[in-house]
Every structure is written in C-alpha cells, then in structure tokens.
Amino acid sequence: MARRRSDDAFILVRLPGGTVPWAVATGVVVVAGVAAVVFRPLAPDLGSVPDPARWFAPPLLQRISDYRVPVRQAAIAGVLIDVALTSFVALTARGRSLVARIVALVGAERPVRAAAAVVAAVVAATTIARLPIAVWRHLHARAFGLSTQSLAGWAGDWSIELGILCLSVTLAALAGYGLMARWPQRWLLMAAPAGLIVVASATLAAPVVIEPLRFDVVALPDGPVRAALEPVLDAAGRPDATLLVADASRRTTRQNAYVAGVLGTQRIVLYDTLLERPPAQVALVVAHELSHQRNRDLLRGILGSTAGLWLLCALVDGVLRRRVRHGRQRYLADPHGAAVVVAVIVIALFVAAPVASWASRRAEAAADIGALELTGETADYCAAQRGLVERNLSDPAPPTWARLWWWTHPPAASRLELGTRVGGDRC
C-alpha cells in the first residue's frame, strides 16, 4: 500500500526540508492572512440598514422585489442541491458504489489521479444538477432586461465555465491528494505555503488567462470619461494605472467595474455599459476601485484566502484521520474517501460564508470612503449608487439573512446613508 501511494508522487515537486521549517512557514502564512483581514482600513459602523424608501420610489422597489425574491429562492435551492447531492455520494451505499466505479476505472494503484477524478466528477454532477436553476436565472434576467444573450450564447458561456471549474478542482485535488499521499504526516504543514503560491499565481494569471474567455477588452479611449478620470488618478498617485473597457454589453445591461491582477497584470476593468453614465459618476466608480488598490485589498485577499484554505485543509485532515481510525477508509489519501472531502468542503464553505461576506463588505465600505476622499464629490457618489440600483435592480435593503450570507457589498441603502453622513443633504 505504501508503494501505491508513492506511485503518484511525481505529480508534485518533491518538497525538501524538515517539520519545523514547514511549521514555521505555515504559522507565518496563517497569521499574516488573518491579520490582513482583521487589521485593515475601516469604514464607520452604520448600524442597521436604513429604509430604502428614503431614496427609491415604491414602483422601483416593487420591481426590484419582483426580480430579487425569486433569485434568492433559486440560490437557496442551489445550496440545497449542492449539500444533498454531495452528501448522497459521500454517505450512501449507492454513492459509495459510484465512487468505487470511478476509482476502479482510473485504477486504485493511482490513488491521487483516482481521487482527482472522483472530485471532478462530483463537482461536475452538482453543477449539472443545478443547470435547470441556472437556465431559469438566465431567462429571468432576460425577462427583466438584465441579459442581452440568447439562450444558446449563454449555454456556450456556461459550458466554458463548467470546463474551467472542472479543470480547477482537478488541479486542486491533484495537488492536495499528492501532498497527502507523499507526506501523510506533514502535508498539512505544507498546505499553507503551497496554497499561497497557488492563490498568488492564480491572481496574477487570471487577467491574462481567464478574463479573455469572458470579455474582449480594450484600453479606455481618450474623451470625456478619461478626462474626468485624470484628476482622480493623480489624487490616488496612480496616473499610469491601466484602465480597460470590457465588452460586457454583449451579455448584460448591468453596469460594473472591478480591479484584477497583481504586479504586471494589475488593471481596472470597466464594463462598457458603465460608460453610459455621466463621466463624473464613472470617476467615482474608478475612485472606488483605486481605493481597493490603495488599501492593498487584492494582497489582503490573497493572504486571507490562503489562511482560509489552510483552515479548510485542517478540517479535511481531521475528518479523514477520523475515518481512517474508524476503518471507513484504508489510509489518508484513499480515493474512496474523496467524495467525503467534497461534501465537507461544500458544507464548510456554506457555514463560513457569513465570515467571508463580512470581510468583503468591510473592504467595500472602506473603498467607498476612499472614493469620497479622492473625489470630494458626495452628490456624484450618491447619484452613482442610486443609478446602479436602478440599472442593476440591486436590492437596496436585502433581508438580514441574505445580507449576512451572500452580500459581498454593503447594501445600497447603507452606502447612501454613508454619503448622507459625509455630505449632509446632498444625497
């Protein structure tokens, strides 16, 4: 059995060193990740979400509710499918039989590859099981004018995303099970440093590898928008920041912008739909993204994600060792337990979602403060927030449970309250 476990070790580079250096490296990475999330620029606590009727007319709020309430119900159904299907495969006799067939097909003498095949199969199955919900969400968005894609075009994008997802989880499973197979007693100590390299590399490469599969981008051309942005870029100390425009309009009418990449791949990407807004409001959105860069939110995200990944690995390690002790699998990297790993990760990510959403909301609120500091234009800030709600049908005051679990940004009503506190009656 020991020989079989080492047969797949070639998948990973043989990492040298003793236990103590890896323990120190793991401690440093995890502490740095937690500190990066906890100790960061903050926005003031705004308390409970204010009444959105202060800023939005009842017909718009009703339209938002008509769109958003079914979307939330669909999201709950998606979570239930993920938990139910992964638990079925991991815990039932029929599910274990399916796993055994995959392992036999790949070869039990190749445990790392077999485990990766099981993981990819379970993830693909859950994604396909959620396909009816995904189709409904697309049609629902089209009915409300938020999607410009045909069903065939959407299906092509969905297929690409499924392929990327399966490739990503396969590589992650190969890496994790490779460490477990080669160093069953030390793999957890190696997971954090190795995870940091993987997460940082993915963040670096995503703008040039993944983003081209979603959008075609061009440099922001000269004109009123770029002219409005120059004072903001100068105030942020980023006159040479890379500003790109994505052809999002071929998929959606939503307006958005995001910051991506690190080092040489760092850029701010604007949806072409966002350029329909007045230049001063676009400048506010860019100031928000520049504040993310000034607050080093991508770096904080890399460190925080790595710490979270290690905690997830620690949970998986504990579950697998318990299974070995109770005779439910033969050894730590036994591929017959791979479906259990998927189920544990799905449930853990759902339980931990409020923490991740809380951290994201803090970062976004701090970026709002930064945008107001860079521009001093509270009226444009508030106009931009109202306009984004109207255009994207964003819920300005979602239910508390939905906000805690899924809202990565402060609700629009809270963001408008922030503008009111900073700029008085101008909101």
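User: How much space lies in the largest cavity?

Analyst: About 30 Å³. This is a predicted model, where local features need pLDDT of at least 70, side-chain atom pairs count only at pLDDT 80 or more, and totals for chains, interfaces and linings use all residues. Residues are numbered from 1 along each chain as its sequence is written, and side-chain values use heavy atoms, with hydrogens and water left out.

User: What makes a space a cavity, and how many of 30 Å³ or more are there?

Analyst: On a 1 Å grid over the protein atoms alone, a cavity is a set of points where a 1.4 Å probe fits but cannot get out. The count by this rule is 1 cavity of 30 Å³ or more.

User: Which residues line the largest cavity?

Analyst: Lining residues have an atom within 4 Å of a point, and here they are V89, A90, R96, V99, R323, H336, A339 and V340. They divide into 5 nonpolar, 1 polar and 2 charged.

User: Why is C166 called buried?

Analyst: Buried means under 20% relative accessible area (1.4 Å probe, protein chains only). C166 has a relative accessible area of 18%, so C166 is buried.

User: What makes C313 buried?

Analyst: The relative accessible area of C313 is 15%, so C313 is buried too.

Conventions. Buried < 20%, exposed > 50% of the residue type's maximum accessible area, 1.4 Å probe, protein only. 1 Å grid on protein atoms, 1.4 Å probe; cavity = no way out; pocket = protein on both sides within 12 Å on 5 of 7 lines; lining within 4 Å. Points joined across faces, edges and corners; volume = space filled by probe spheres on them. Nonpolar A, V, L, I, M, F, W, Y, C, P; charged D, E, K, R; others polar.
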